[in-house]
Amino acid sequence: MGIFDRFKNKAGQDKARKVSDTAEKKANERTGNKYEEQVDTAQQNIEGRLGMDRDRPQQP
């Protein structure tokens with residue numbers, strides 16, 4: 001089992017989404033939202049590589 005296989009199920013994706021949102025929030029807090037756009041772009045890239053694009057409907 002690869003490291004990204006655990007994100008293929010819905011529960012794993014939900015948990016990963018929460019972690020991703022928390023990390024984005026903390027990064028923005030620490031930088032005073034100075035790099036908000038870059039942090040958001042990085043979050044989208046990471047989620048996209050994990051197959052968790054928010055723009056796509058979730059897979060059952």
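The largest pocket has a volume of about 230 Å³, taken as the space filled by probe spheres set on grid points joined across faces, edges and corners. The model is predicted, so local features need pLDDT of at least 70 and side-chain atom pairs count only at pLDDT 80 or more, while totals for chains, interfaces and linings use all residues. Residues are numbered from 1 along each chain as its sequence is written, and side-chain values use heavy atoms, with hydrogens and water left out.

**Largest pocket**

- A pocket is an open set of points on a 1 Å grid over the protein atoms alone, where a 1.4 Å probe fits, with protein on both sides within 12 Å along at least five of seven lines; lining residues have an atom within 4 Å of a point.
- The lining comprises 14 residues, of which Ala16, Val19, Ser20, Ala23 and Ile46 lie nearest the pocket centre.
- The elements that give two or more residues to this lining are α1 and α2, and α1 provides the largest share, six residues.

**Helix α2**

- Helix α2 (residues 36-49) has 14 residues and reaches 20 Å from its first C-alpha to its last, close to the 20 Å expected at 1.5 Å a residue (1.5 Å times one less than the number of residues); helices are DSSP runs of H or I, at least four residues, numbered from the N terminus.
- Val39, Gln43 and Glu47 are the buried residues of α2 (under 20% relative accessible area, 1.4 Å probe, protein chains only).
- On the other side of α2, Glu37 and Arg49 are exposed (over 50%).
- Just after α2, Gly51 takes a positive phi of about 75°.
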